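Me: I would like to learn how to read a few features of a protein model, step by step. Could we go through them together?

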Amino acid sequence: MPRMTYLASGVDLDAAARVKDLIKPLARSTFGPQVLGDVGLFGGLFQLQNFREPVLVSSTDGVGTKLKLAVWLDQYRSIGKDVVNQSINDVLTSGARPLFFLDYIAMESLLTERLEALVGGMAEACREAGCALLGGETSQMSDVFKPGVFELVGFVVGAAEREALLDPSRIKAGDALIGLPSSGLHTNGYSLVRAIFNLEEDRSPLHRAYDELGGTLGEALLEPHRGYWPLLEQVLPRIKAMAHITGGGTEENLERVTPRGLTARVDWSSWETPPIFRIIQDAGNVDLAEMRRVFNMGVGMVLFCAAEHASNILRAFPEAWVVGEVAEA
């Protein structure tokens, strides 16, 4: 009987060791003085500092079927940024500063270049947000995933002073809704996109160039999820609440924040829909109401603030605009 090895069963321990050596400097590049210890311990150590009454805020998410486009285009750095920014945006809606991020990557086999791009994207997004890439897990699961298929999940922990937490109960009729532009689809609606362009059968539409996009469809679809923490940190005291526009579109995500008895009225004519959404709508003959349910339509985050604070926030963000107001239901 031949000798069996872990490698023969689908797990390459040498590759795993090489990947760990590759990841260590990328993770270390995000460390600040609050990170204790080094990469490779069984648990990441983070010292919470400079808070009087801290409240921890956590979130976890994946990037969905956008993974498929990354595989088809062999581009992975952008989805590394996606998985960080979308999670940081979620804790930001509570007014929390991102502290540290962890990742989970499961693959059929460890592909060094792919992992380097993924973790490189995560590290870049963490550095931009002042967030430590504190640890993660990379699994080889040859009997679970088909070749080329993988899963990517992120976990973030942030903190805020209890008295500084954003509080949707403070929202009142007459408050302004301020929109911050998205960078594209972010991480939602890709199942519909794949169906519209029949991408499971034919990848060629991804390489089609559009003048209005300034590049190909694939490039526009892989544009990373925008991170809003660096933009909003300084104006959080003027904000009552915010809605991260993800799955469900603008209206559904605004409803998650708006108190009972009130409604968030969106003025859809207040901005021009970016070209990528018009291209998708035309290609699939998608009803406008369905587009608004599935996609962010160019608005990645909506801020709720008192009307008298709107002008100060708009001066701080030239790209932002008033997208509506809060009214009695």
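Me: Is aspartate 74 buried or exposed?

Reply: A word first on what we are reading: this is a predicted model, in which local features need pLDDT of at least 70 and side-chain atom pairs count only at pLDDT 80 or more, while totals for chains, interfaces and linings use all residues. Residues are numbered from 1 along each chain as its sequence is written, and side-chain values use heavy atoms, with hydrogens and water left out. Burial is read from relative accessible area: buried means under 20%, exposed over 50%, and partly exposed in between, with a 1.4 Å probe and protein chains only. Aspartate 74 has a relative accessibility of 54% and therefore counts as exposed.

Me: Where is aspartate 74 found, and what is its phi?

Reply: Elements are DSSP runs numbered from the N terminus, helices being H or I with at least four residues and strands being E with at least two. Aspartate 74 is found in the loop between helix 2 (66-73) and helix 3, and its phi is near 55°, a positive value in a residue other than glycine. Asparagine 198 also has a positive phi, near 50°, and is likewise a residue other than glycine. Asparagine 198 lies in the loop between helix 5 (190-196) and strand 8, and at 40% relative accessibility it counts as partly exposed.

Me: How many salt bridges does the structure hold?

Reply: A salt bridge is a side-chain nitrogen of Lys or Arg within 4 Å of a carboxyl oxygen of Asp or Glu. The structure holds 15 salt bridges. One of them is formed by the side chains of arginine 52 and glutamate 161, at 4.0 Å from N to O. This pair links distant parts of the chain, 109 residues apart, with arginine 52 in the loop between strand 2 (45-46) and strand 3 (54-62) and glutamate 161 in strand 6 (residues 150-161). Arginine 52 is exposed, at a relative accessible area of 65%, whereas glutamate 161 is buried, at 12%.

Me: Which elements hold glutamate 128 and lysine 81?

Reply: The side chains of glutamate 128 and lysine 81 meet in a salt bridge of 3.4 Å, N to O. Glutamate 128 is in helix 4 (residues 112-129) and lysine 81 in helix 3 (residues 77-92), so that the pair, 47 residues apart, links distant parts of the chain. Glutamate 128 is partly exposed, with a relative accessible area of 45%, while lysine 81, at 14%, counts as buried.

Me: How do helix 3 and helix 4 pack?

Reply: Two packed helices are described by the angle between their axes and the distance between the axes. Axes are lines fitted to C-alpha atoms, for helices over the stretch in contact, and angles run from 0 to 180 degrees between N-to-C directions. Helix 3 and helix 4 pack at an angle of about 40°, with their axes 6 Å apart. Angles under 35 degrees count as roughly parallel, over 145 as roughly antiparallel, 65 to 115 as roughly perpendicular and the rest as oblique, and helix 3 and helix 4 are therefore oblique to each other.

Me: Which residues of helix 3 and helix 4 meet?

Reply: Contact means heavy atoms within 4.5 Å. Among the residues that meet are Arg77, Lys81 and Ile88 in helix 3, and Leu118, Glu124 and Glu128 in helix 4. By class, this contact has ten nonpolar, four polar and four charged residues, where Ala, Val, Leu, Ile, Met, Phe, Trp, Tyr, Cys and Pro count as nonpolar, Asp, Glu, Lys and Arg as charged, and the others, Gly among them, as polar.

Me: At what angle do helix 1 and helix 4 pack?

Reply: Helix 1 (residues 13-28) and helix 4 pack at an angle of about 20°, with their axes 10 Å apart, and they are therefore roughly parallel to each other. Val19, Leu22, Ile23 and Leu26 in helix 1 meet residues of helix 4 including Thr112, Leu115 and Val119.
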